[in-house]
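Keep the structure open while you read.

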Amino acid sequence: MTDNPYLPFPVRIQQIITETEDKNLKTFKLSFLNREDEERFVFMPGQFCEISVAGKGEIPIGLASSPTEKGFLLFTVNKTGVVTRYLHNMKEGDIIGVRGPLGNWYPWEKMGGKNVVVIGGGFAFTTLRSGIVYMLHPENRNRFKDITVVYGARSPGLLLYRQELAEWEKRDDIKMHITVDATDDPSWPYNVGFVPTVTEQKITTSKDSYALVCGPPIMIKFTQPVLEKVGFKPGQIIMSLEMRMKCGIGICGRCNIGDQYACKDGPVFSLAQLNELPQEY
Amino acid sequence: MGDKILKKAELQDVLRALKRTYEVFVPVKENDFYSFKPLMDEEKVDLSFTNTRLSPKPLVLPQSERMFEFTLDEKSEDAHIVKESPKDYPPRIIAGVRPCDAKALRLLQVNFDNPEFKDPWWVKRRESMTLIGLGCSQPCSACFCTSVGCGPFNEEGLDILLFDLGECLLARTLTEKGERLLQLGGMDTDADSGLKKSADEVKTKAEKKISSHVPTDKLREKNVNDLFDAPFWDDVAFACINCGTCTFLCPTCWCFDIQDEVIRGEGDRIRNWDSCMFPLFTLHASGHNPRAQKVQRIRQRFMHKLKYYVDKYSNGVACVGCGRCVKHCPVNIDIREVFNLMNEL
């Protein structure tokens, strides 16, 4: 964060990676223009930034890179509105801005010594990627027990970070359950089925576990009862919310859910916290 | 700190003298309404107003404010880099502030100036201000300040409070800032005990004149979801046309939007007042809108002021009882009735 919390750090687009076959998702690899800005930028997986495109505006986007990855930041952006559309047409080398890190993060302290179940759907896998890379880092891996991932998309071509998923599949310190809703590829080596169904098949215990759940509302709606069936309590289910945001620091007043600002008090909430709040998100 | 006394007619001489050091704002009548404007040399200070239509909030949070600037000119080595706009914060006197509007700035302080984040522009402007309050000897019919932890002679947020004693004004200094200002203005005649007594009487009389009372005592203990799901919101929202007059005039409404504007390759990042009454306020890029319905937006406005703020800051309700929204709502939605409904649920 700069001294003025509204002022973005200038960054250069180092690389643009098209993630999905529909070309709607691109990952932007950004590097700081000033070394001292990079040193000030200290974050935890689960946090987000306001990406600033001069002349177009700012958008809140989750940090997809892990603090263990040095020298760059990753943001995976869905082409949806004014700023994201413009950003998708920008080139490597272009200058944009990053304001952050903003918001809270996944409860890494509490998850220490526990099993971590990561459940993601569609393009809501970005901060989960950050979390997985963070946990798998040699310095962190033994702080957590079993790591299990259920990640699904509508089709194989819509999965994010496919190369990394394949690498994680080969490791023995993380259990991967990749799935797609449907595919006509007979050589598809992974699961076929919706995320809640695969979760029901693969996640059979809630003992000493936390579940990080990010995905479209429909996926969350059907995954929640599955987790509750195997004994996950609302305090063990962790979610990350999206809201329209502007300031990102709990001042401009639009992203509240009850008395909580999604930008400052969130975006990460446990289901136990959300159950106490008005259902307005 | 003490009580000084001056003749009413002297006030403008004092304020005019202070213009050498400060920018001085006073309520000025334009057509039917008063608003805070810089004090002109030939102008008479008019203390006959009930209250300004708009509180002094734009002097701290301008309706439209340049935050940053940038150039998109590729020939510039700083192209696309967002930079701070130069600003200055001259010392300002706001004279004639009603106690409710001063209290409102107090309520806003927790939002703009908190341990985690400080809004630099709001904080600097607030710090550069000295507020001379004018107690309300004649509260209006829609005022209910005494119900919400305020009052016609409430001192919170003010540096000096003026009591209208007919021929003269008693100036009570409340802060060091206020003390300094009285010295600079040459107000050095101490008020005797008789005048102090008169001031107390004026205050007691004014408090008794406030006829409107609303209950707030049970808001804190109520369950947020019980209030959220209460059956009365459809009725409250029925007549609302989502015009946003209430949020525009409210001294405790602070929400803003941030937009970029570019003219011939030179751009500004600007913030503008916004309103929870508008659907665009919460519309996601995906098309999803958590507050797409009018009733949801009305509920947000009242829940924010009378419940969310209460729970979040333990600072009372985010309403100072000024009565502006009551007087100016085109369809007569009355926050006092909503206080009743919520408190008595």
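The charged end of B:Lys57 sits over the ring of B:Trp273, 4.6 Å from the ring centre. This is a predicted model.

**Charges over rings**

- In chain B, the ring is that of B:Trp273, and the charge comes from B:Lys57.
- In chain A, the charged end of A:Lys29 lies over the ring of A:Phe72. The distance to the centre of that ring is 4.4 Å.

**Aromatic pairs**

- Over all chains, a search of the whole structure gives 22 aromatic pairs.
- One of them joins A:Phe125 and A:Tyr151, with ring centres 3.8 Å apart. Their planes meet at 10 degrees, so this pair is stacked; the cut-off for stacking is under 30 degrees.
- The pair links distant parts of the chain, 26 residues apart. A:Phe125 is in the loop between β7 (115-121) and α4 (126-136) of chain A. A:Tyr151 belongs to strand β8 (residues 147-153) of chain A.
- Buried here means under 20%.
- A pair in chain B is formed by B:Phe112 and B:Phe256. The ring centres are 6.5 Å apart and the planes lie at 25 degrees, so this pair is stacked.
- B:Phe112 lies in helix α2 (residues 99-112) of chain B, and B:Phe256 lies in strand β10 (residues 256-263) of chain B. The pair therefore ties together parts that are 144 residues apart in sequence.
- B:Phe112 is buried, at 0% relative accessible area. B:Phe256 is buried too, with a value of 0%.

**An aromatic cluster with residues from A and B**

- B:Phe112 and B:Phe256 belong to one aromatic cluster.

**Nonpolar cores**

- In soluble globular proteins, nonpolar side chains tend to be buried together.
- The largest nonpolar core has 122 residues. Those with the most contacts inside this core are A:Tyr6, A:Val213, B:Trp233, B:Phe302, B:Phe339 and B:Met342.
- What does B:Phe302 touch, leaving aside neighbours within four places in sequence? B:Phe302 is in contact with B:Trp233, B:Val236, B:Lys307, B:Ile333, B:Ile335, B:Val338 and B:Met342.
- Another core, of 37 residues, lies apart from the largest one. Its residues include A:Phe125, A:Phe144, A:Trp168 and A:Met176.

**Cavities**

- How many cavities of 30 Å³ or more does a search of the whole structure find? There are 6.
- The largest cavity holds about 160 Å³ of space.
- It is lined by 18 residues. The closest to the centre of this cavity are B:Cys240, B:Cys246, B:Ile298, B:Cys329 and B:Ile333.
- α8 (245-249) and α9 (294-313) of chain B each supply at least two lining residues of the largest cavity. α9(B) gives the most, with 3 residues.

**Second largest pocket**

- The second largest pocket contains about 450 Å³ of space.
- Its lining has 30 residues. B:Phe49, B:Thr50, B:Asn51, B:Arg98 and B:Gln138 are the closest to the centre of this pocket.
- β3 (33-38), α2 and α10 (324-328) of chain B each supply at least two residues of that lining. The largest share, 3 residues, comes from α10(B).

How values were computed. Residues are numbered from 1 along each chain as its sequence is written. Chains are lettered from A and ligands numbered from 1 in the order in which they are written. This is a predicted model: local features need pLDDT of at least 70, side-chain atom pairs count only at pLDDT 80 or more; totals for chains, interfaces and linings use all residues. Side-chain values use heavy atoms; hydrogens and water are left out. Rings of Phe, Tyr and Trp (its six-membered ring) pair if their centres lie within 6.5 Å; planes under 30 degrees apart count as stacked, over 60 as edge-to-face and the rest as tilted. Helices (H or I, at least four residues) and strands (E, at least two) are DSSP runs, numbered from the N terminus. Buried means under 20% relative accessible area, exposed over 50%, partly exposed in between (1.4 Å probe, protein chains only). A charge sits over a ring if NZ of Lys or CZ of Arg is within 6 Å of the ring centre and within 35 degrees of the ring normal. A nonpolar core is a set of buried Ala, Val, Leu, Ile, Met, Phe, Trp, Tyr and Cys residues joined through side-chain atoms within 4.5 Å. Contact means heavy atoms within 4.5 Å. On a 1 Å grid over the protein atoms alone, a cavity is a set of points where a 1.4 Å probe fits but cannot get out, and a pocket is an open set with protein on both sides within 12 Å along at least five of seven lines; lining residues have an atom within 4 Å of a point. Grid points are joined across faces, edges and corners, and a volume is the space filled by probe spheres set on the points.
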